[in-house]
Every structure is written in structure tokens, then in C-alpha cells.
Amino acid sequence: GLLKLNPKEWQTARDNLGRNNKVIVVPVDEAIMYEIETDAFEKVIADSSQEGPLLILVEIDTPGGRIDLAHRMCTAITKDADCNVIAFIKGGNYGGAISAGAAVALACNKIYMANSTVIGAATLVTMPKNRQDYKDTRKKNYGEVVDEKSSSVWRAYLASLAQQNDRPGLLARAMVDSSIEVVEVNQDAKRVFIEPMNKRPEQQVVRTWNKAGSLVTLTAQEAVECTIADGLVGSREQLLQQLQAGDANIVTDKKITNARKELQIAKRRKDEIAKSLDLKIKQSKYPQPAPKILGILQGARNDFENLKTLAKKYPDLDMDVQDIEEILNSIQADYESALRETRRRN
């Protein structure tokens with residue numbers, strides 16, 4: 001493909017394909033937890049690839065996260081991208097592409113890793129509802145492995161992602177299932193990855209990649225050796241030079257960062273409304289004149305209308321719209337009852 005061309009051929013290919021001399025950088029540098037960020041990722045991939053860049057560079061440093069969201073990200077890469085998508089596992093707070101992050105990397109056309117980074121450990125586990133809980137509970141080995149049916153589907157999916165880019169599918173499966181042991185053998189001068197039970201007498205084991213009971217988690221060097229990754233690089237600049245894109249205009253897309261900020265604002269707004277409702281609940285515990293009661297109910301109704309708006313727009317806030325509507329109906333009934341009582345007394 002394009003990544004195997006020499007510099008002169010690469011320049012010709014750029015011209016023939018009408019590519020802009022631009023690289024779009026997409027950061028995946030937190031736990032994959034929120035729909036709003038996944039929506040932004042999907043939009044980045046679709047919109048950016050239509051701009052005709054040389055490539056999209058997905059820079060990964062994540063402990064993993066929600067599998068459903070990672071699946072959407074992988075689909076965006078494999079189905080919506082109209083250019084090469086390169087994973088750069090850069091390292092940082094989390095040290096690599098872990099769990100769901102490994103899937104995102106495997107979906108990319110090529111994977112490059114910085115020294116001291118890792119990829120793997122993709123077992124499905126139950127997940128907390130927010131990123132802070134995820135950070136905290138990972139230290140306590142949070143969650144239990146989900147049922148075998150779901151794990152089987154996830155294993156097969158990671159294997160398919162690996163195989164479509166000529167990576168060993170069995171190693172990807174072993175990132176999910178600790179019962180899978182992988183050995184490497186030579187077969188017709190080719191490297192073949194198999195389970196020990198499938199080794200034929202004439203095949204010589206070159207290396208055992210993991211023992212049963214342990215998930216495959218590969219260092220950068222190991223990932224390159226077993227062809228999960230395509231190379232080691234020291235920096236983004238070095239990688240772009242290697243990809244013959246050292247002179248490209250680098251554009252870091254802000255959609256995911258902006259989505260993250262937008263969600264934080266929505267969370268603060270939710271907290272403000274919660275405080276307002278707490279005050280009204282405290283006020284309602286004491287005898288109040290009728291006009292005051294009507295004012296409290298009206299204010300509570302406004303607060304819940306605002307919560308309903310937030311709940312619809314931001315599913316990540318984890319609020320049930322139906323529950324809010326039921327409360328609103330109850331408040332409206334109380335308000336109408338209090339209004340009738342006030343009118344009767346007057």
C-alpha cells in the first residue's frame with residue numbers, strides 16, 4: 001500500500017490521489033467512557049478523511065473503557081475513514097493501549113509504539129458509570145469478567161480486526177481470554193502463531209508468547225517482534241518522518257477535547273440544579289404560606305424541566321428521562337392542587 005512507497009513514489013501518489021499535505025491528529029488519551037466523546041471521534045474520522053489528508057494519526061494512551069463505545073470507534077476507523085488511519089501508542093498516564101484501547105489500535109491500518117508502552121489485556125469486565133470511578137476502581141481490580149457469550153463475541157471481533165491488517169488473530173484473542181496459550185512455530189519459513197495443542201511433531205516452538213492463565217499484554221518491542229505493531233518510534237515527529245510526512249501541516253482536531261469540556265459544563269449545571277432542588281426540599285419541610293408553596297413548586301418544576309433537557313442532550317449524565325417526567329407530572333399535580341386550594345380560600 002501507500003505506506004510501502006519510497007519518498008518519490010509517495011509524492012507521486014499524493015499528487016495522484018489529490019491528497020493535501022496535512023496530517024490530522026486525533027487524541028485518545030483518557031478512559032473510553034462517554035458517548036459525547038465517541039460521537040466526536042466518529043465525526044472527526046468521517047469529516048477529517050473527507051478533507052483529503054495524507055493520513056489520520058490516532059494518538060493513544062488509554063486504560064480502556066466501555067466496549068460498546070470502543071466498537072463504535074473501531075467501526076468509524078474501518079468503515080468511515082477515506083484515508084490511512086495510523087495508531088501511535090504514545091505512552092503517558094496510562095502507558096499504552098489497554099483493553100478497549102487495544103481494539104482501537106488494532107482497527108488502524110498501522111500501529112507504531114513508543115518505547116515503554118504496552119498493548120493488550122482486553123478482557124471484558126463490568127464497568128462503572130463514570131471516568132473517575134473507573135480510575136479509582138482499576139486500582140482495586142474492579143469488575144468481574146462478563147459472561148462467556150459476550151467474551152466469545154469480543155474475542156472474535158478483536159481477531160478479525162487483527163487479521164484484516166495482517167496481524168496474528170490468535171494473539172488478539174489471547175488478549176481477551178487468559179485460557180488461550182500462544183506459541184510461535186516455524187512453518188515453511190513462515191512465522192505461525194498457534195495453540196500448543198495444535199502443534200505438529202515436525203514443528204519447532206520458537207517462542208512461547210504467554211502461558212495459560214495470563215492475558216497477552218505486549219511491550220512495544222514484543223508487539224513489533226510478533227507483528228502486532230509495525231514499528232518502534234521515539235516521537236510523533238520521528239513517526240511522521242518515517243511515514244514520509246515530515247513536512248506535513250499538523251492539525252490536532254479539537255472535537256473530542258471540546259466535547260469533554262462541554263460534558264463537564266453539563267455536569268456542573270446538573271450539580272447546580274441538584275443544589276437548587278435540595279434547597280426547595282428543605283423549604284417544603286416547614287409550614288409555608290400558600291404563595292410561597294406555589295413558588296417552591298413552580299421553581300421545582302422549572303428545575304426538573306432543565307434536568308429533562310440535560311438528560312435528553314447528554315446521556316452520559318446518566319439520568320432517566322422517564323423518571324424525570326414522572327416527577328414533573330407529580331409536581332404539576334401538587335401545583336394544581338395547591339392553586340385550587342389557594343383560590344378556594346380567597
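Contact here means heavy atoms within 4.5 Å of each other. Keep that in mind, everyone, as we start with one residue. Leaving aside neighbours within four places in sequence, L218 is in contact with M113, T117, V118, I119, M175, W209, A223, C226 and I228.

Before going on, a word on where this comes from. This is a predicted model, in which local features need pLDDT of at least 70 and side-chain atom pairs count only at pLDDT 80 or more, while totals for chains, interfaces and linings use all residues. Residues are numbered from 1 along each chain as its sequence is written, and side-chain values use heavy atoms, with hydrogens and water left out.

Back to L218. You will find L218 in strand β10, residues 217-219; helices (H or I, at least four residues) and strands (E, at least two) are DSSP runs, numbered from the N terminus. Is L218 buried or exposed? With a relative accessible area of 2%, L218 is buried. Buried means under 20% relative accessible area, exposed means over 50%, and partly exposed is in between, using a 1.4 Å probe and protein chains only.

A nonpolar core is a set of buried Ala, Val, Leu, Ile, Met, Phe, Trp, Tyr and Cys residues joined through side-chain atoms within 4.5 Å. The largest one has 82 residues, and F41, I111, I119, L158, L218 and I228 touch the most other members. Apart from it lies another core, of 15 residues, including L57, I86, Y112 and V233. Take I86 from that list: I86 is in strand β3, residues 85-89, and is buried, with a relative accessible area of 0%. The C-alpha atoms of I86 and V25 are separated by 9.6 Å, although the two are 61 residues apart along the chain.

How do α3 and α4 lie against each other? The axes of α3 (residues 67-80) and α4 (residues 100-107) come within 9 Å and cross at roughly 10°. That makes α3 roughly parallel to α4, a label for angles under 35 degrees. Axes are lines fitted to C-alpha atoms, for helices over the stretch in contact, and angles run from 0 to 180 degrees between N-to-C directions. On the α3 side, I67, A70, M73, C74, I77 and T78 meet A100, A103, V104 and A107 of α4.

Finally, the charged pairs. A salt bridge is a side-chain nitrogen of Lys or Arg within 4 Å of a carboxyl oxygen of Asp or Glu. How many salt bridges are there by this rule? The count comes to 21. One of them joins the side chains of E42 and R72, at 2.8 Å from N to O. E42 lies in helix α2 (residues 35-50) and R72 in helix α3, so this pair ties together parts that are 30 residues apart in sequence. E42 is partly exposed at 24% relative accessibility, and R72 is partly exposed at 24%.

Another salt bridge links R207 and E222, at 3.3 Å from N to O. Here R207 is in strand β9 (residues 205-210) and E222 in helix α8 (residues 220-225), so the pair ties together parts that are 15 residues apart in sequence. Then there is E202 with R200, their closest N and O atoms being 2.7 Å apart. E202 is exposed at 58%, while R200 is partly exposed at 39%.

Technical notes: Parallel < 35°, antiparallel > 145°, perpendicular 65-115°, else oblique.
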